[in-house]
Amino acid sequence: MEEKHYNANDITILEGLDAVRLRPGMYIGSTGQKGLHHILWEIVDNAVDEAANGYADKIDVRIYKDGSASVEDNGRGIPTDIHPKTKVSGVQVVFTQLHAGGKFNENNYSFSGGLHGVGASVTNALSEWLKVRVYKEGKTFSMEFRSYYDEKKKKFESGVPVAPLADLHKKTKQHGTFVHFKPDANVFASTDFQLSTISHRLNELAFLNRGLTITLTDERITMNEFKGEDTEGEDVQLDLLGATQPYSVTYCYEGGISDFAAYLNEGKSKLYPKPLYIKGEKDGILVEFAIQHTGEYTENLFSFVNNIPTPEGGFHEVGFRSGLTRVLNDYARENKLLKDKEANLLGDDFREGLTAVLSIKMKNVQFEGQTKTKLGNPEARSPVESVTIEGLRELAADKKNKKAFEEIVKKAQGAARVRIAARQAKDTARAKNSIDSLMLVGKLAACTGRKPEENELFIVEGDSAGGTAKQARVRQFQSILPLRGKPLNVEKKRLDQVLANEEIRTIISALGAGIGNDFNLEKLNYHKVIILSDADQDGFHIRCILLTFFFRYMRDLVNAGHVYIGMPPLYKVYKQNGSAEEYAYDDSELQEKIEKVGRGYLIQRYKGLGEMSAEQLWNTTMDPMRRNLTQVTIEDAVAAENMITTLMGDRVEGRKEFLNRNANFNKTDSFMDKVKIKKENGDE
């Protein structure tokens with residue numbers, strides 16, 4: 001092979017924002033829906049940082065009909081004076097220079113969610129255009145940026161200023177920043193912002209920042225369209241207004257995270273009426289949390305660092321849990337609720353049915369973990385533990401909280417009794433011994449492969465479909481576990497009841513990684529766990545039940561991206577003579593397949609997986625080269641918690657309201673509209 005010369009001339013220097021445009025995934029994670037919303041969050045986070053540091057109390061977010069979005073705050077406004085080093089305005093520096101911003105200087109921001117100074121510039125680089133207005137010191141300033149292909153240079157120019165920052169010579173009492181941008185369709189697979197995703201996050205930010213008013217307006221839909229109402233309602237005047245008025249909602253919570261905990265527990269039976277709230281500071285770390293126990297059986301702890309969710313936990317959660325356990329055991333001893341000879345209760349006992357929101361603010365945050373959402377600062381543990389201990393002790397000393405603390409201890413004692421009773425069942429379920437092996441005989445058709453990262457487990461609805469799947473599979477890496485009837489809805493059951501269910505125990509045994517706090521990803525037998533059920537109401541219900549089980553007792557399995565939903569086709573479009581055969585996975589695709597097959601077509605509607613032959617099931621649903629799998633991810637843990645509680649718990653009215661608004665049983669792909677389809681070649 002001829003040797004090629006490699007010297008300094010071969011080194012390409014990416015200037016300005018070129019690197020962002022060339023490798024957007026390095027800055028926003030992906031160019032799918034998550035990346036699209038990321039460039040919005042970068043601007044929103046800048047506005048929230050102004051509020052979190054006491055400079056703003058209002059943020060307005062607007063989605064326009066042309067797909068653009070704007071964020072406005074009433075903070076200090078981006079600096080407009082000339083930067084001494086770059087010799088251009090501060091606005092131009094912020095939107096065109098990577099790693100430039102005021103958050104590296106602790107005098108400007110005590111705490112910040114935007115840590116790296118790439119936010120505004122990345123949004124600019126990945127937008128078709130971006131416009132900014134700054135209201136500062138009684139003046140109004142304006143600047144515009146555009147991205148385009150330069151024919152002369154034969155290269156794409158990203159986020160280039162149209163002109164320098166302009167003083168519009170308009171006097172104003174207003175202060176703050178307005179940023180309006182349109183995501184570039186050349187970058188993103190879709191530029192369609194999702195209202196539900198945005199509203200969940202903004203609602204969350206309003207809870208985390210007490211007194212901050214956040215308004216969301218979506219000009220793409222009207223109030224009536226959002227509510228699903230007809231103009232023939234009882235109040236015609238209101239309906240007529242709703243038919244023209246864009247959808248708008250305002251979030252503001254004077255109770256902050258205390259209101260957050262109450263919101264999460266709506267519709268649940270509560271041991272004490274109001275959440276217990278603590279706020280304190282230790283070693284430069286601000287700590288606040290709210291707790292409330294319910295009659296449920298699982299713990300729900302939602303933690304945040306500088307307004308950023310940390311679903312994988314971290315040292316702040318360790319400190320909180322440790323402090324909580326210590327204070328509650330001390331309280332039980334001091335008030336004779338625990339006898340001298342009785343052992344201390346475990347943290348798990350005190351946290352049964354606990355809903356907690358923990359929010360800390362600190363400098364120099366370090367994130368780690370599977371998705372960089374785990375706090376890696378060990379110095380955070382001690383301050384959080386100290387604030388937790390001191391705050392809870394103060395609350396426990398107040399007589400008006402006596403009943404609440406007694407109820408907490410009483411529930412923990414009940415949990416301890418259940419824990420002791422469940423120990424044998426739990427050991428049986430997790431141990432790899434002859435009992436587990438016997439349990440799987442005749443149920444699990446195991447694969448021969450010994451590499452978990454290559455192995456797949458199909459959890460299949462029904463023995464009939466399970467039998468077909470066993471014939472269709474590739475034995476080397478695909479295992480089949482048929483379900484006999486619907487599994488247990490674990491949302492309404494205690495751990496001992498969960499472990500007493502044979503179908504649940506079978507799933508635990510097949511996965512081999514344990515359950516609950518003992519769940520260990522390193523012991524997992526399969527890196528793809530695929531739920532395969534019929535595309536009807538019963539099939540959807542089974543999916544919901546299994547996803548609820550994984551969310552409650554094997555959340556790391558979901559967080560690590562190991563859970564998938566198989567996508568069987570709804571229709572086969574074919575010709576009698578066998579000259580053409582196509583499969584449609586939803587109603588919208590059906591017409592396309594009919595046109596492809598042409599005249600003389602026939603349609604077979606699959607009512608269940610059992611109607612397919614082994615060859616058809618392999619070709620459409622199990623072949624890694626041709627199948628579509630939905631990867632289940634938790635983009636928003638709070639929204640997931642709220643939805644599971646609504647759909648699978650005792651909130652009948654909430655469930656009716658949700659189904660009335662979202663369910664369309666005549667539209668077969670209504671469920672799939674709300675999830676991300678990720679093909680195994682990486683395309684979204």
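Strand E11 (residues 285–293) of this predicted model is largely enclosed by the rest of the structure, because eight of its nine residues are buried. Buried here means under 20% relative accessible area.

What does E11 pair with? Strand E10 (residues 276–282) runs antiparallel to E11, joined to it by seven bridges. Within that pairing, Leu276 sits opposite Ile291 in E11. E10 and E11 also make a hairpin with two residues between them, and Asp283 in the turn has a positive phi of about 55°. Strand E14 (residues 354–361) is another antiparallel partner of E11, with eight bridges between them. There, His293 has Leu354 in E14 as its bridge partner.

Now to another part of the chain, with strands of its own. Three strands build an open sheet, ordered E22-E21-E23, and the pairing is antiparallel. Why is one side of E22 (581–584) and of E23 (601–605) left without a neighbour in the sheet? Both strands stand at the edges and each has a single partner strand, so one side of each has no neighbour there. From one strand to the next, the twist averages 20°. Strand E21 (residues 571–575) pairs with E23 in the antiparallel sense over five bridges, and Lys575 stands opposite Tyr601 in E23.

| Strand pair | Sense | Bridges |
|---|---|---|
| E10 and E11 | antiparallel | seven bridges |
| E11 and E14 | antiparallel | eight bridges |
| E21 and E23 | antiparallel | five bridges |

Technical notes. Residues are numbered from 1 along each chain as its sequence is written. This is a predicted model: local features need pLDDT of at least 70, side-chain atom pairs count only at pLDDT 80 or more; totals for chains, interfaces and linings use all residues. Side-chain values use heavy atoms; hydrogens and water are left out. Two strands pair if DSSP finds at least two bridges between them. Helices (H or I, at least four residues) and strands (E, at least two) are DSSP runs, numbered from the N terminus. Axes are lines fitted to C-alpha atoms, for helices over the stretch in contact, and angles run from 0 to 180 degrees between N-to-C directions. Buried means under 20% relative accessible area, exposed over 50%, partly exposed in between (1.4 Å probe, protein chains only).
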